[in-house]
Amino acid sequence: MIKGWIGDVADRTSGSSISSSPLSLGFILLSLVVIYTASTFPEEGTLGPGFFPMLISVGIIVFAAIDLLNETETELEMTELDFRSPAVVLGLLVAYVFLMPITGFLVGSMLFLPVFLYYSNIRSKPTLIALSIGLPILLFYIFGRIFLVRLPEGIIPFSRLLPRLPLGVMF
């Protein structure tokens with residue numbers, strides 16, 4: 001039964017179905033890169049820092065493969081899409097990642113978020129300030145202090161100025 005299903009899928013899958021879903025193919029390739037990169041993370045117990053990126057990437061690969069093998073026509077026409085906004089967001093993300101070793105996670109995120117939020121048409125100054133400062137600090141405490149994931153500190157380690165949580169009581 002499974003052998004027959006695989007044969008049917010292989011018969012239906014052709015070069016045209018793959019060429020009609022370049023986004024799915026791109027997601028699969030990106031997920032493979034993420035899995036490879038996450039596999040180089042240091043092992044720290046059974047659920048190390050690479051576990052969740054790998055888990056999410058496997059999920060993306062499964063759904064992208066289903067999309068590739070599914071021959072239903074979508075109403076999305078790739079030629080009508082404006083790729084300028086995704087290209088700007090991708091450029092911001094690439095700059096954020098490349099500047100991360102210099103700025104560190106905390107400062108880099110505090111610099112990246114207001115630009116990204118402003119580009120996303122969030123113009124409220126209290127919202128921009130609250131999200132740009134509060135979200136990196138919250139993520140720093142969640143990942144850096146609770147999950148013990150080493151986040152980049154940058155040239156000047158501002159994260160060491162933050163108070164420690166009394167986690168000894170919890171664990």
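Student: Why is S109 called buried?
Tutor: S109 has a relative accessible area of 5%. Buried means under 20%, exposed over 50% and partly exposed in between (1.4 Å probe, protein chains only). At 5%, S109 therefore counts as buried.

Student: What kind of model is this?
Tutor: This is a predicted model: local features need pLDDT of at least 70, side-chain atom pairs count only at pLDDT 80 or more, and totals for chains, interfaces and linings use all residues. Residues are numbered from 1 along each chain as its sequence is written, and side-chain values use heavy atoms, with hydrogens and water left out.

Student: Why is L138 called partly exposed?
Tutor: The relative accessibility of L138 is 47%. L138 lies in helix α6, residues 125-146.

Student: How many of the 171 residues count as buried?
Tutor: The buried share is 19%.

Student: Which helix holds S109?
Tutor: S109 is in α5. Helices are DSSP runs of H or I with at least four residues, strands are runs of E with at least two, and both are numbered from the N terminus. The protein has seven helices and zero strands.

Student: What does S109 touch?
Tutor: Leaving aside neighbours within four places in sequence, S109 is in contact (heavy atoms within 4.5 Å) with Y96, G104, P114, S132 and P136.

Student: How do α5 and α6 pack?
Tutor: Their angle is about 145 degrees and their axes are 9 Å apart. Axes are lines fitted to C-alpha atoms over the stretch in contact, and angles run from 0 to 180 degrees between N-to-C directions. S109 and M110 are among the α5 residues in the contact, and S132 and P136 are among those of α6.

Student: What makes up that contact of α5 with α6, by class?
Tutor: There are 15 nonpolar, two polar and no charged residues. Ala, Val, Leu, Ile, Met, Phe, Trp, Tyr, Cys and Pro count as nonpolar; Asp, Glu, Lys and Arg as charged; the others, Gly among them, as polar.

Student: What makes a space a cavity?
Tutor: On a 1 Å grid over the protein atoms alone, a 1.4 Å probe fits at its points but cannot get out. Points are joined across faces, edges and corners, and the volume is the space filled by probe spheres set on them. One cavity of 30 Å³ or more is counted. The largest cavity holds about 60 Å³.

Student: Which residues line the largest cavity?
Tutor: Lining residues have an atom within 4 Å of a point. There are 13, and the closest to the centre are F105, L106, P152, E153 and S159. Helix α5 gives the most, with five residues.

Definitions and conventions:
1 Å grid on protein atoms, 1.4 Å probe; cavity = no way out; pocket = protein on both sides within 12 Å on 5 of 7 lines; lining within 4 Å.
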